[in-house]
Amino acid sequence: MKFGRSGDSKAKRIPIGKIRKTQLITTFATGAIAEMPEYTVVMASSNYWSGEKLYEPNLQRLLGMNYFMEPRYTESQNPMGNADMPAFRFPQIHFCPKCGKLDNYKNFGDPKNKKCAVCNKEIVPSRFIAVCINGHLEDFPFEWWVHFGNLMSCSEPSNHHKLTIEFKDSTGGLASIVIRCKVCGKERSMEGCMSPKALNGYRCRGKRPWISMKEESNDPLECDAPMRALQRGASNAYYGITQSALTIPPWSNGIQEEIEKEWGDIQTALENGLDETFLVQLINIKFKDTIASGKYTTSDYLDAIKKRYGTEQEDTIGYTEHSMFEDEYKALCSGYEQTEEGEPEQFRAEVADISPFLRDFFDEVVLVKRLREVMAFRGFRRLTPALPDESQDSYKGIDLNRELMPPWDKPLKWLPAIEMRGEGIFFVLNKERVETWEKNNAARYEKLKKRLGDLRIGKDMFSPRYVLLHTLSHLLIRQLTIDCGYQEAALKERIYSSYPEDGTIDMAGILIYTSSSDSDGSLGGLVRQGESELLEETIRNLLEEASWCSSDPLCIESESQGFNSLNYSACHACTLLPETSCEARNCLLDRASVIGKPDDRDIGFFSELIQNDSDDE
């Protein structure tokens, strides 16, 4: 990663550090603050990106994109080489640890903007920033703060750049950090700066430093949201929002994989209205070797291209995340074995045997031996991971004008994305048992539904069934990491639960999978655990482990834990996972839904197995 805008000859481009490719669309995507060895930066808008085109038809259709762009990623440390991912220095406000000068890094007199020219000490970036709920970001307004919101109270209000910062040893916390104006002598500690109303009266100017520091890059939409002070490394300073899709048949087939490599040129030809005769000529040129080998014919390519382009031209409004998840569910349930020789296709799924011990509880177990996931970065939020309720006191009368801050300045036909490959195990719970359990426990989760409100956690799938599936998924991941050696953060979940409002098919599935951007597939260790005998042992161990938590009896009896009290019996000791593994922010979990409670085992979906185990012993 380097300073400067790609393609801008005037920008100063300096190599500053490395970030993993997956982090470039998650933790450190556009608008995120990244700590590099020598600089602190904000990752630049995708308008400045360059990379390789990616295609995933279902995800393109869902997000209304023509294609996706995978960030360019090299090992080069050559300062004269091409910039990979651009970034801008932020915060701009720094201080000298010796003399205490607090100012823009450009005003310290050092031509390289790294030291205080007077003290010859390396300057340090301010740890304070200011953000708003609409995603804007700027340096903390130290001048405004030290003058208590009234800059005109200074004896020389137009004479800026005269602040100092002092760290006192006599007290702890923010009270020990004192800001002083050298012009008028006013001083103020940073105590209280983090409170929600500390910056009341300071107007958000819509700053977007990930685009540029120039005023013309400010958001054209007027923002009346209150500013909040945060530390630059605070967890609520940045929430990346992604959308992913599995590549399923027919798009995972070998011929579609071949077409994808040339899709840019083919798509351009089709959009220009070129006739079928020209298209046939283009096919014979692009796929000359494959056609000559006899693997596919010109007619095969023509039919596959027409089908793909026809799908792209369909109305995207009617294709929702619901539609995509239902399509994936059907593909996973059906399984898919490669029928053609040669390179393996992007999706392979084989229905496995189920042991008699589990047969009454699972309708299907599918070994997903090969899968491809494309994850796109849609944008980001600050302060809250989802759009807050405007009725809350903090946001009454405020125009919450966007669901997320997009990764660009002006809309593009693509989004940043990465391609990952891996393997997994797909579980389908017994339909009749799920329906019976759901009917018997509907009342138990009414309070949880009320707390959830309009928060879009759980992809609009929330129901008692979703709580059961999600909890079982977490317990499976925790157990599988013990059984097959993966770290918890290496496994992910994908929950397929019926949509209560407008679902078209009945779903009760869980996909536990691993995917990586820097390796082609995996070694098969996870898939192996789906085999009949090994899976039975995994479930037995899971139920034994889940039956007891070090926080019991408080945990198992709880109906109010986690974010917004959106968990019942679920804590770090028994159920929660790393945030990268969970699709619902570690919410909507209840261990009792799987194993029951000591005084009411009927709550648990698998309570019969626990009782049978006890009887066997």
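Which residues lie nearest the centre of the second largest pocket? Ile93, Asp139, Tyr202, Arg205 and Lys207 do, out of 27 lining residues.

Ground rules before I go on. This is a predicted model, where local features need pLDDT of at least 70, side-chain atom pairs count only at pLDDT 80 or more, and totals for chains, interfaces and linings use all residues. Numbering runs from 1 along each chain as its sequence is written, and side-chain values use heavy atoms, with hydrogens and water left out.

Back to the pocket. A pocket here is an open set of points on a 1 Å grid over the protein atoms alone, where a 1.4 Å probe fits, with protein on both sides within 12 Å along at least five of seven lines. Lining residues have an atom within 4 Å of a point. This one holds about 720 Å³. That volume is the space filled by probe spheres set on the points, with points joined across faces, edges and corners. Elements giving two or more residues to the lining are β8 (101-104), β11 (137-139) and α2 (142-146). Helices (H or I, at least four residues) and strands (E, at least two) are DSSP runs, numbered from the N terminus. By class, the lining splits into 13 nonpolar, six polar and eight charged residues. Nonpolar means Ala, Val, Leu, Ile, Met, Phe, Trp, Tyr, Cys and Pro; charged means Asp, Glu, Lys and Arg; the others, Gly among them, are polar.

Now the whole chain. It has 16 helices and 21 strands. Of its 617 residues, 54% are buried. Buried is under 20% relative accessible area, exposed is over 50%, and partly exposed is in between (1.4 Å probe, protein chains only). Contact means heavy atoms within 4.5 Å. Among contacts with a separation of 6 or more, 69% join residues 24 or more positions apart.

Next, the cores. A nonpolar core is a set of buried Ala, Val, Leu, Ile, Met, Phe, Trp, Tyr and Cys residues joined through side-chain atoms within 4.5 Å. The largest has 91 residues, and Phe68, Phe362 and Phe426 touch the most other members. Helix α11 (residues 464-484) is the top contributor, with 10 residues. Apart from this core lies another, of 84 residues, including Trp263 and Ile283. Leaving aside neighbours within four places in sequence, the contacts of Phe68 include Leu59, Leu63, Val374 and Trp414.

Last, backbone geometry. Most residues other than glycine have a negative phi, and most peptide bonds are trans. Phe90 and Pro91 are joined by a cis bond, with omega about 0°. Pro91 is in the loop between β6 (86-89) and β7 (93-95).

Two residues other than glycine have positive phi: Phe148, near 55°, and Leu588, near 60°. Are they buried or exposed? Phe148 counts as exposed, because its relative accessibility is 53%. Leu588 is buried, at 0%.
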